[in-house]
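Biologist: Please take me closely through the open sheet of this model, together with the loops and the nonpolar packing that can be described alongside it. I would like one connected account, with each term given its cut-offs.

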Amino acid sequence: MNSSILKFIILFFLVLFPCSKTIAQDQWKASWITDPAPATQDTSNVWYSLRKDFSLNDAPKEALAKIAVDSKYWLWVNGELVVFEGGLKRGPNPTDTYYDEKDIAKYLKKGKNTISVLAWYFGKDGFSHNSSGQFGFIFECITPSIQILSDDTWKIKHNIAYETCPEPFPNFRLSESSIRYDARKDLGEWYQNNYSTEKWKNARVLGSVPMEPWNNLVLRPIPFWKDFGLTPYVNTPNFPFTTEKDTVISMDLPANLQITPYLKVEAPEGHIIEIKTDNFKGGGDYNMYAQYITKKGEQAYESYGWINGHKVLYSIPKGVKVLDLKYRETGYNTEFSGSFNSSDEFLNKIWKKSLRTLYVTMRDTYMDCPDRERAQWWGDEVNEGGEAFYALDTNSHALLKKGMYELIGWQRQDSTLFSPIPAGNWDKELPSQMLTSIGYYGFWNYYLHTEDKKTMSDLYDGVQKYLKIWQINEDGTVVLRRGGWIWGDWGRDKDMKLIFNGVYYLALKGVLNMAILLEKHDDEVELRQKMKDLKVGYNRNFWTGTAYRHPDYKGKTDDRSQALAVVSGLADKDKYEALFEVFKTEEHASPYMEKYVLEALFQMGQADYAIKRMKKRFGPMVNHPDYSTLFEGWGIGKEGFGGGTTNHAWSGGALTILSQYLCGIKPITPGYSKFQIIPNPGSVTQASATVQSVKGTIKSEFVNSLDTFQLSVVVPKDTEAIIGIPNDDYVRITLNGTLIWENGVFIPNKEIRAFQGVVDSHITFEVGPEMWKFEAVKK
């Protein structure tokens, strides 16, 4: 391809995918390099060792390296492991590739230095990876005193010790292969300085950035993984021991983790040790596993393809002396900064299991599950992103932001959106999930918690393009779009046209807020009118007097549709009494959509029934002693939906509900400049929650007794909060011991910025930054 055609293609994609703002196409001096000869095994699952030896007159104070690869890499500098699994699954849009930045200055020294890289080329597409079709590597580190560039002076060797495990192969959704390592072909400590690469080949130069098939390079938008180090298993046996027969050793993990397994053995040559987890067939399909073929003598090995589960199963042949077995947990670099605790042990357990499920489904993207698919389905991501705001630190925000840019970056010329993306073997649009992604609980919820206006500005045009492809009936309701898969939820009794109208209204609500923020006045007028017309048409055509039903729907009344009507605002309060009767009798929603049912119940003032329903529906998985995570469906395997994974973060909506509604923490203005702490305790006697917002740590803690209600709150610097006390026959309220309200009358106090009156069954006050203790008494 000549340079003029290439430049035209690049310009075309820059116009088509304008949201990739971090493109750095003219800043690279290094060249893409590869193996000069074709790989000697299949094109998938190929591993390469690369080396660069050089000398420095002085060690630099800063040395920022830029690194890109298809697909993953491990980086050593002077024999010290610097990056454990670098690189992100490809790509930010259908053509481009991510690159990493890492300061390697502290690993460099005066004199001889060595940079060593182990690269893993997936060589196949998946539901989370868009293969470029060719292995390539690029490295650049330029400072005033040094210049290290990938070129034909780098040494490269196809590392044939890495092979592919025999069948069963991982299911088609996974871009990773199961890794077999044949230690008889081991290269030795090739990453150490004193290793000779004299017999290695020089790398072949392919060209400069941008070039096909990797095109523009986009800076990695999320942190490198957190590495917890090699760790003994919970049930570590006494080492050493020798197997007297072929033995399966079951090692327990403390929870469902993303891990790479490690072994140290003394063995004859040629024995095969197999490593699987209890999630090897998680979700009904085969997933990844590992094999190790021994060399003679003492040896250690860590399989770098991460797997997950609660147990790691080592199948070890007779006569092998086992010296050590360990695991390395790695995962998204975030802290569990949010918390929840209550007097109800079930609520504590569901919050904790939701958190564990959330964390094990975070890595390159938010995932539906970490075993069967590892795919960024956006219905799942909306729930996961909402949970992260309450459970994790602000580092987690970047993963949702990355997904948002990718979603619009993959928008097609016909303006349709689809997920999961990045993907090389999936292209079907799920219209209901796409509406959810761009709507009030998706993109707008991100802004509400972050106040990241630039992201809203970057993505707005793509959001509007998608919204405009939806057609409206004469009565203002939305026409159901088939897309590639008409999916509204797992389970039965789905009033699909009603579901689509609910999520469409939420999409309008979210995009309207974006338009107001960005001062898109014409769009604002149009969106307001669409919302008005839809609400009128929805209630005129679908309300039966006891529930909402589409005239074409013949099944049982759909609880999830009623929930969407409440949380979106389509249903006014005069419908709540009738809708409550529906929620008491109809239970069709999956764990994914049950989040909206629980939220609707809390919004309707039915906290106790929401908790009762939560316990009934989620009880089996929350109380299951063998799992630290929540399931895709209401049961395991065939009792679940879609194959029934046991780690599906879309089921963790209760985490959000308990922090946001039971303990009452919710932003009012974007970025928590103003927020509320308005608990809805029902009959729960004690509960507390902390949230690490972008403004600092927020805390809500209440004690709810027969005659008193005590609420302690922490309001961080540069914020203000609306505090709500349940309006439950209290006669006096004090603040830090000072009377501020008595028999319905506010008593002015310099600490209270404003008295808001009774709002939604709460007596509300506005306060500034401080630790406050409110106490309401009935006598």
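Modeller: Helices (H or I, at least four residues) and strands (E, at least two) are DSSP runs, numbered from the N terminus. This is a predicted model, in which local features need pLDDT of at least 70 and side-chain atom pairs count only at pLDDT 80 or more, while totals for chains, interfaces and linings use all residues. Residues are numbered from 1 along each chain as its sequence is written, and side-chain values use heavy atoms, with hydrogens and water left out.

I begin with the sheet. Eight strands make up an open sheet with antiparallel pairing, in the order β24-β27-β28-β29-β36-β31-β32-β33; two strands pair if DSSP finds at least two bridges between them. At its edges are β24 (339-342) and β33 (745-746), each of which pairs on one side only. Within the sheet, β31 and β36 (residues 770-777) are joined by four bridges in the antiparallel sense. Leu 735 has Phe 774 of β36 as its bridge partner.

Asp 729 sits in the loop between β30 (720-726) and β31 (732-735), and has a positive phi of about 60° although it is not a glycine. Asp 729 counts as exposed, at 61% relative accessibility. The loop between β31 and β32 (738-742) holds Asn 736, another non-glycine residue with a positive phi, here about 50°. Asn 736 is partly exposed, with a relative accessible area of 44%. Here buried means under 20% relative accessible area, exposed over 50%, and partly exposed in between (1.4 Å probe, protein chains only).

A nonpolar core is a set of buried Ala, Val, Leu, Ile, Met, Phe, Trp, Tyr and Cys residues joined through side-chain atoms within 4.5 Å. The largest such core has 151 residues, of which Phe 443, Leu 662 and Phe 774 touch the most other members. Helix α8 (residues 496-517) gives the most to this core, with 15 residues. Beyond four places in sequence, the contacts of Leu 662 include Phe 340, Phe 602, Pro 681 and Phe 702, where contact means heavy atoms within 4.5 Å.

Two further loops contain cis peptide bonds. Pro 213 is placed in the loop between β14 (204-208) and β15 (217-219), and the bond from Glu 212 to Pro 213 is cis, with omega near 5°. Pro 420 lies in the loop between α4 (397-409) and α5 (431-438), where the bond from Ser 419 to Pro 420 is cis, with omega near 10°.
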